[in-house]
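Hi,

Here is the model I said I would pass on.

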Amino acid sequence: MLSNLFGGKKLTIPAPADALPGRAEKMAIPAKHFVNGNPLAPPYPDNMEKAIFGMGCFWGAERKFWQLPAGVYITAVGYAAGSTPNPTYQEVCSGLTGHNEVVLVVFDPAVITYQQLLKVFWENHNPTQGMRQGNDAGTQYRSGIYCYSDSQMQLAQASKVAYQAALDSAGHKEITTEILTAPEFYYAEAYHQQYLAKNPGGYCGLGGTNVCMPENLSVAS
Ligand code: MHO
């Protein structure tokens, strides 16, 4: 089984039957976004759209999105794309839930487009590392895009093709990003929300490839 381990971390997603059982109770959600003060819990205003990205440790990933100049209503960190209902951080870190550490971005598409969020996604992590992001190894650090609509799915797929071409020119490897229909988003513990705003010197393992996202995507119509 050595090939399935990296520094002792599990590198395969457990089958649903082998995942931890979890619980029915949902995580408590803080009232407000620590940085911009908007209500953190749903329902969100009708004109907002949601997006979910996994790009390694969710602390630094979340900060990339709340730092955007305009159009982001709230960001939140959570767990998604595994099997365990309402998991805890400790359970996710065990590799026995199948979940990824992800960021929910609630944005106003009249102010910032999904394509602009995709640019932030691709340029701020290394999407060729499989079940790892930098020094963080394990299935919860995989690269992922979780789509809420056909339009998001088409843009995500097209952006992957365009970014792969750019990576190829720079001598990088194959993209390992999973692109799925958005699964349920489980909010992480309150202390993880906007973690790097609460702990400015906190750990951030985020690193990109220095390859820019091409501006034009060709999306099949
Ligand atoms: N290497 C970091 C990752 C934290 S992140 C929320 C740590 O173990 O604290 O996964």
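Predicted model: local features only at pLDDT ≥ 70, side-chain atom pairs only at ≥ 80, totals over all residues.

Let me start with G71, which sits in the loop that links α1 (58-66) to β4 (72-80); helices (H or I, at least four residues) and strands (E, at least two) are DSSP runs, numbered from the N terminus. Residues are numbered from 1 along each chain as its sequence is written, and side-chain values use heavy atoms, with hydrogens and water left out.

Back to G71: its relative accessible area is 19%, so it counts as buried (under 20%, with exposed over 50% and partly exposed in between; 1.4 Å probe, protein chains only). Leaving out residues up to four places away in sequence, G71 touches V106, F107, D108, V111 and I112, contact meaning heavy atoms within 4.5 Å. Its C-alpha atom is 8.5 Å from that of T113, 42 residues away along the chain.

Now the ligand. Which residues surround it? They are C57, F58, W59, Y89, E101, D136, Y141 and Y203, each having a heavy atom within 4 Å of it. By class that shell has six nonpolar residues, no polar ones and two charged ones (Ala, Val, Leu, Ile, Met, Phe, Trp, Tyr, Cys and Pro count as nonpolar, Asp, Glu, Lys and Arg as charged, and the others, Gly among them, as polar).

- D136: a side-chain N or O atom is 2.8 Å from a ligand nitrogen.
- Y141: a polar side-chain atom is 2.8 Å from a ligand oxygen.
- Y89: a polar side-chain atom is 3.3 Å from a ligand oxygen.

On its own the ligand exposes 310 Å², and the protein buries 73% of that (Shrake-Rupley areas, 1.4 Å probe).

C57 lies in the loop between β3 (49-55) and α1, and is buried because its relative accessibility is 10%. Beyond its neighbours within four places in sequence, C57 contacts E101, D136, Y141 and Y203.

Last, helix α3 (residues 114-123): Y114, L117, L118, V120, F121 and W122 are buried there. The buried residues of α3 pack against β3, α1, β5 (100-107), β8 (143-147) and α4 (150-169).

Cheers

Definitions and conventions:
Polar contact = N/O pair within 3.5 Å; in protein donor to acceptor, adjacent residues only side chain to side chain.
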